[in-house]
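Hi,

Here is the structure I promised to pass on to you. Have a look at it first, and then read on for what turned up.

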Amino acid sequence: KKSGGVVFLITFALLTPHGTNEMNQQYKGKQEWQKRYADAHYRWSEQKHPNVVADGYYTLPKFPDVTTANGLTQFVVNYLDWSGCYGNRINTMGRVIKAGRDIQTINGTIKAKTVMIKGSTKRGTADVQAVINGRSLALEIKVGKDRMSEAQLKQQQAVQNAGGYYYVIRDVDTFLATYDKFMAAPKMTLL
């Protein structure tokens, strides 16, 4: 496309329709979790962007590094959302704000001090709030040698004492097994 003498090239990775041998080639060498992640993304894309899929412009999603807590959390939240469930990453940290205004002087600007405001979420709250098949779950993401803090153990106990579901997710296999377990159970409905 030309615009003001500049040429813009628009490129798409063209994949053939889902389920064909060519699409299966895209999965070649992928781990099972990557296949499920890509399949969930494809089904979501069919609903969210039907013309892109129908016209053959669908591309595989970028796979997160599930060996890190951030990557595993991203995988969990995306997979839930793409599968028609609910996933929300919870941030328990506070935030930094300015305590005053910057002051302009002859010699320059004196920056206002910053202070940390405590977050409003309870300490130890699980990393992901999920709803799978009508059931609300708290999912704490721990990778490698990560261990639960005292505050997290207290929150786990509080959730379980209230009749809630709380799971520690250490890898994609643990998450997918938990997901499959809740999807296989009869769907919860509102009273």
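Asp-180 counts as partly exposed, with a relative accessibility of 35%. Its side chain meets that of Arg-36 in a salt bridge, with 2.6 Å from N to O. Please keep in mind that this is a predicted model. Where do the two partners sit? Arg-36 belongs to helix 2 (residues 32-48) and Asp-180 to helix 6 (residues 172-184), so their pairing ties together parts that are 144 residues apart in sequence.

In case charge pairing is new to you: side chains of opposite charge can pair when their charged atoms come close.

How many salt bridges does the structure hold? There are 3, so here are the other pairs.

Asp-39 forms a salt bridge with Arg-43, and their closest N and O atoms are 2.3 Å apart. Both residues are in helix 2, 4 residues apart, which means that about one helical turn separates them. Asp-39 is partly exposed at a relative accessible area of 24%, and Arg-43 is also partly exposed, at 37% relative accessibility.

The side chains of Lys-142 and Glu-140 meet in a salt bridge as well, at 3.5 Å from N to O. Is Lys-142 buried or exposed? Lys-142 is buried, because its relative accessible area of 9% falls under the 20% cut-off. Glu-140 counts as buried too, at 1% relative accessibility.

When you open the model, you could start with Arg-36 and Asp-180, the pair that links helix 2 and helix 6.

Best wishes

Conventions: Residues are numbered from 1 along each chain as its sequence is written. This is a predicted model: local features need pLDDT of at least 70, side-chain atom pairs count only at pLDDT 80 or more; totals for chains, interfaces and linings use all residues. Side-chain values use heavy atoms; hydrogens and water are left out. A salt bridge is a side-chain nitrogen of Lys or Arg within 4 Å of a carboxyl oxygen of Asp or Glu. Helices (H or I, at least four residues) and strands (E, at least two) are DSSP runs, numbered from the N terminus. Buried means under 20% relative accessible area, exposed over 50%, partly exposed in between (1.4 Å probe, protein chains only).
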